[in-house]
Amino acid sequence: MKFEEIKRQAQSRWQAIWNDQTPVILVGTATCGRAAGALEVLQAIKATAQKQNLNCLIYEVGCMGHCYAEPLVTLRKPGFPSICYGHVSPVLAENLLTNLILNDDPSLEFVLGALEENDLIPSFSDFPRSKYEKRILLRNCGRINPEEIEHYVANGGYESLSKALQMKPVEIVSEVKRSKLRGLGGAGFPAGEKWEVCRRSEEEPKYLICNGDEGDPGAFMDRAILESDPHSVIEGMVIAGYAIGARHGYIYVRAEYPLAVQRVQNALIQAEKFKFLGENILGSDFSFDIKLFQGSGAFVCGEATALIASIEGKPGMARHRPPRVAVQGLFGKPTVLNNVKTLAYVPHIIKNGADWFLQTGTERSKGTAVFALAGKVVNTGLVEVPMGTTLRQLIFQVGGGVIKGKRFKAVQIGGPSGGCLPQSALNLPIDFDSLQESGAMMGSGGMVVLDEDDCMVEVARYFLDFTQKESCGKCTLCRLGTKQMLDILEDITKGRGKMEDLETLEELAEDIKQGSLCGLGRTAPNPVLTTLRYFREEYEAHIKEGRCPALMCQTLIAYYILPDKCARGCDACVGTCTVEAISTDKKRRIKVIDQEKCVKCNTCLVACPPQYDAVIRLSPSNKVPKAG
Amino acid sequence: MSTEEAEIKEKTRAVLEGVGSKRENLIPILQKIQEELGYLPPHVMIEVARFLNISEIDVYSVATFYNQFRLTPPGKHSIRVCMGTACHVKGGHITLAAWQRRLKIRPGETSPDREFDLDTVACVGCCAMAPVSVVDKKVEAKADPTRVDGILLSYQLQKEEEKENN
């Protein structure tokens, strides 16, 4: 079948869904939706439709990026715009459905926004954040069913592949080169250059690998794209394979992402069925296959040479470069390895041309960047903004600022390889080079917002603990140096630090950077260095006074109930204490915490009703008055 | 040979039948075996080494390098506490401490009655729902110490119900 015919068929089916008189229901069932209970909601919707005998179409879709409001359900009834509802429970879903479909009542009080502009309901494009957003990679996410290839095709999918196959491979490479597309996995290496080196090599066969080993804790962009729009990545891979002259491709997905694995698998089968993959793609001479490889939970495998070792069936250890992977990669053959987002960008560049891509972004970083906003920010979720957007715009305008009206303290960018940037860095434009200069790095795009309750020493310790455990052990300085740094940081968070430790930390950090082969070791000290640079006074408070200013380091704090604030008759803290450490002092009729028993789990502080607000944390821990 | 051993042997054979004996199949083979058995028993690793014609230590080094593989039998229910950044700043370590306190085991261990095994996971990518625990493949959002008690209570009730029905 010709591509035009496939497209026509897909489009007519797609239009039939939306133009018909039948109501359409979309339920977001990506992993974050499922965590919030989307599958139960889906079940309730199906049951309601059956019970009420409603004639409607129910689809599962991916992630719309509004993770803070999951589970999300979108209802569309002819005559109404497509309305998206947030925080939907099974009971609410049943009501929404019957209200809209049977009674023409759009339940305005539960509406999050409409998908398209209309006179009835504010649409997502009216949200203040939409001024800053530019959805290119996330365009289809949450709008199409990721398990239906025709939904993707109807929305312009595989058109670029059809176009690319009419072009010469060298033309594609030069177009990607001209677009200045940089690797969106974090390091920002120009994609076109990699492609060219590999294309020119005379060795055969050549391999293409899509790196979906998104190991940065706090990052979930690749997961969302693979779960919500897997075909965009597959299309990019086939085009890249054609351009560099590869016959085989691998898509490396973390085993911790079971749903992404399942949806990619399904997408591969469908793509093959439609001749977008396999022998003689779309009737051309070009053949290309893709194998799915599940990563086994090793952070270091995000690094190119370690990932390749892992596909070869060996422990994921990095090796010395050069030779570059493009010259000698998988099984010793020329290999191009690109991140999920980089490859997902390829179809857009082929379709719209390099000039279109060059219009967005900054001088040296073009296009958009996808970020996973998490931590103490109001609108957690996925956002896509043009390169050059400032951190302030991203966190406050798009993210809605810090939760519970707390004070912003820092933003952690780039995971264990990145750093913590303070308030003063908020006007920094987000691009590869500015972030690197500030001591952080773009990383894969995880962005965790920290507020006044987060201890920067503890955050640095956390990341080092992570990299120390994930170090593959090949380079001595990475293996042992990080252990030394971790021991020092642990001492500091437990109040046993010395002032000279800070110099030792800085010295070790430099040595580890110098003496490690791969990116893991070379960037591991970044969280420590940036916190030392921007938050040195917190380290000093821990060392000199045994005090944790953010009241987070457990050894240095104690929980205490203020006698004059405690409501006496109220038993909230006693009931919730997980270790029965709180009791009533009969004489004074107040609640008292037994410091010996207390495990500092914070439950009583959450349980104490806000009008009393009697539970507090004190640091250093010996500040607790003896009598109580 | 006990029935359990025979079963393990049978399942291993079934996995190996479906794949080629190239070295690059090692990780997929181990993944499939673990999916079937829940862990990698030593004699199974030896069999895999023979099948791929590589030394036993090569299989062992892969099995111990990657976090996904476990060498001891799992419990009936698996608990994975997410240690991602977002979970950490929202109290992931406190959640882990709560699980440890209730189950009286440390990460990587199985409870003596074989009901639960506890482990940590680097990040499951549900950062917007932090802190997260994955209980029997289901992601539990906002799993604080109170929720931990709730989850354990529901398993206990389920178990008692099963007992009554039998």
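This is a predicted model: local features need pLDDT of at least 70, side-chain atom pairs count only at pLDDT 80 or more; totals for chains, interfaces and linings use all residues.
H7(A) crosses H10(A) in a left-handed sense.

**H7 and H10 of chain A**
- Helix H7 of chain A spans residues 169–179, and its axis comes within 7 Å of the axis of H10(A), at a crossing angle of roughly 115°.
- H7(A) is therefore roughly perpendicular to H10(A).
- On the H7(A) side the contact uses Pro169(A), Ile172(A) and Val173(A), which meet Ile239(A), Tyr242(A) and Ala243(A) of H10(A).
- The contact of H7(A) with H10(A) has six nonpolar residues, with no polar and no charged ones.

**H7 and H8 of chain A**
- H7(A) also packs on helix H8 of chain A, residues 191–200, at an angle of about 150° and with the axes 7 Å apart.
- At that angle H7(A) counts as roughly antiparallel to H8(A).
- This crossing of H7(A) and H8(A) is left-handed.
- H7(A) contributes Pro169(A), Val173(A), Val176(A) and Lys177(A), while H8(A) contributes Ala191(A), Gly192(A), Glu193(A), Trp195(A), Glu196(A) and Arg199(A).
- By class, the contact of H7(A) with H8(A) comprises five nonpolar, one polar and four charged residues.

**H18 and H19 of chain A**
- Helix H18 (residues 476–493) and helix H19 (residues 500–514) of chain A have axes 10 Å apart and pack at an angle of about 160°.
- That angle makes H18(A) roughly antiparallel to H19(A).
- The crossing of H18(A) with H19(A) is left-handed.
- Leu477(A), Cys478(A), Gly481(A), Thr482(A), Gln484(A), Met485(A), Ile488(A) and Ile492(A) form the H18(A) side. The H19(A) side consists of Asp501(A), Thr504(A), Leu505(A), Leu508(A), Asp511(A) and Ile512(A).
- Eight nonpolar, four polar and two charged residues make up the contact of H18(A) with H19(A).

**Largest nonpolar core**
- The core holds 247 residues, and those touching the most other members are Val73(A), Met237(A), Val238(A), Ile239(A), Ala240(A), Ala372(A) and Val132(B).
- Leaving aside residues up to four places away in sequence, Ile239(A) touches Ser160(A), Leu161(A), Ala164(A), Ile172(A), Val346(A), Pro347(A) and Ile350(A).

**His231(A)**
- His231(A) lies in helix H10 of chain A.
- His231(A) counts as buried because it has 28 C-beta neighbours inside 10 Å.
- Residues up to four places away in sequence aside, His231(A) touches Ile149(A), Tyr152(A), Gly157(A), Ala267(A) and Ala271(A).
- Leu268(A) is 37 residues from His231(A) along the chain, and their C-alpha atoms are 8.1 Å apart.

**Chain A against chain B**
- The contact between the chains involves 46 residues of chain A and 40 residues of chain B.
- On the chain A side, the elements giving two or more residues are helix H2 (31–35), helix H12 (304–311), strand S10 (368–375) and strand S14 (446–451).
- H2(A) provides four residues, the largest share of the side of chain A that touches chain B.
- That side of chain A divides into 20 nonpolar, 19 polar and seven charged residues.

Notes. Residues are numbered from 1 along each chain as its sequence is written. Chains are lettered from A and ligands numbered from 1 in the order in which they are written. Axes are lines fitted to C-alpha atoms, for helices over the stretch in contact, and angles run from 0 to 180 degrees between N-to-C directions. Angles under 35 degrees count as roughly parallel, over 145 as roughly antiparallel, 65 to 115 as roughly perpendicular and the rest as oblique. A crossing is left-handed if the near helix is turned anticlockwise from the far one by less than a right angle, and right-handed if clockwise. Two residues are in contact if their C-beta atoms, placed from the backbone, lie within 7 Å. Ala, Val, Leu, Ile, Met, Phe, Trp, Tyr, Cys and Pro count as nonpolar, Asp, Glu, Lys and Arg as charged, and the others, Gly among them, as polar. A nonpolar core is a set of buried Ala, Val, Leu, Ile, Met, Phe, Trp, Tyr and Cys residues joined through C-beta atoms within 7 Å. A residue is buried if 20 or more other C-beta atoms lie within 10 Å of its own, exposed if 12 or fewer, and partly exposed in between; C-beta atoms are placed from the backbone.
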